[in-house]
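I opened a new page for this structure and kept notes on what I looked up. The entries follow in the order I made them.

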Amino acid sequence: MLKVAIIDDHKLIRDSLKLMISSFSNMEVVFESVNDPFLLQKINDKKVDIILLHIQVPHVQSYEACIRLHELYPNSKILILSQYDDKYSIRKIVECGAHGYLSKNSDPEQFQKAIVSIHKKGFYFDADIAEVLHDILLIGKNSNKLSDPLGKLSEREMEVIKLAAKGHPNTLIADKMFINVRTVEAHRKRIMEKAGAKNFTNVILKALKHHYLTIRDL
């Protein structure tokens with residue numbers, strides 16, 4: 001059973017999201033709160049798998065909450081729900097350590113898919129922002145000062161990235177590479193360290209930016 005936390009300043013929105021999540025199989029909302037630093041620290045008591053953070057206004061405090069949650073709960077995945085899909089907002093969402101972004105206009109099926117994808121793959125970006133994401137990656141590509149942070153990865157580590165991008169969980173990656181799950185976990189940790197990435201979402205984005213992957217590989 002996936003344990004979900006909802007962070008939003010409005011009770012009506014929290015109740016609506018909670019009702020929708022309760023209709024999904026194998027999911028339950030175990031914690032809900034306003035965006036308050038003191039209350040956010042209480043999530044730990046519930047051992048949450050997915051933290052749903054609703055960003056209504058793209059200001060600094062919203063992104064700071066994402067950074068804070070990532071620092072407090074590195075084992076939890078953060079899914080941003082927002083109506084903002086401009087380049088600035090998406091870039092900030094990626095930089096703050098979120099594992100995925102979902103448009104507020106998404107339907108329930110897509111919402112459920114996003115939660116499942118983040119749990120299994122470690123990242124999720126819906127189709128609505130694919131074009132914006134592509135533009136962001138092109139900006140990075142055209143920068144002469146940008147070095148390739150993945151160039152120092154081994155072939156085995158690149159194989160882990162490609163399999164993870166396809167949505168394979170660690171158990172299946174282990175089977176395909178004929179190694180054990182702990183070795184896969186060690187590979188993922190080492191990849192993030194070498195790439196200078198906060199999480200595997202950042203690794204995937206770096207792989208896209210340097211053409212080790214394409215949007216279609218996600």
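This is a predicted model: local features need pLDDT of at least 70, side-chain atom pairs count only at pLDDT 80 or more; totals for chains, interfaces and linings use all residues.

Six strands form an open sheet in the order 2-1-3-4-5-6, and the pairing is parallel.

I checked how strand 6 is joined to strand 5 (residues 100–103), and I found two bridges, with the strands running parallel. Tyrosine 101 has phenylalanine 125 of strand 6 as its bridge partner.

I compared the length of helix 5 (residues 108–121) with expectation: its 14 residues, at 1.5 Å a residue, should span 20 Å, and the end C-alpha atoms lie 19 Å apart, which agrees. I then listed its buried residues: Gln110, Phe111, Ala114, Ile115, Ser117, Ile118 and Lys121. Viewed down the axis of helix 5, these buried residues fall within an arc of 165°, so they line one face of the helix. On the face turned away from that buried side I noted the exposed residues Glu109, Lys113 and Lys120. Just after helix 5 comes glycine 122, with a positive phi of about 95°.

How many disulfides does the structure hold? I found zero disulfides. Cysteine 66 has 0% relative accessibility, so I wrote it down as buried. Cysteine 96, at 4% relative accessibility, counts as buried too.

Technical notes: Residues are numbered from 1 along each chain as its sequence is written. Side-chain values use heavy atoms; hydrogens and water are left out. Helices (H or I, at least four residues) and strands (E, at least two) are DSSP runs, numbered from the N terminus. The expected span of a helix is 1.5 Å times one less than its number of residues. Buried means under 20% relative accessible area, exposed over 50%, partly exposed in between (1.4 Å probe, protein chains only). The arc is that of the directions from the helix axis to the C-beta atoms. A disulfide is a pair of cysteine sulfur atoms within 2.5 Å. Two strands pair if DSSP finds at least two bridges between them.
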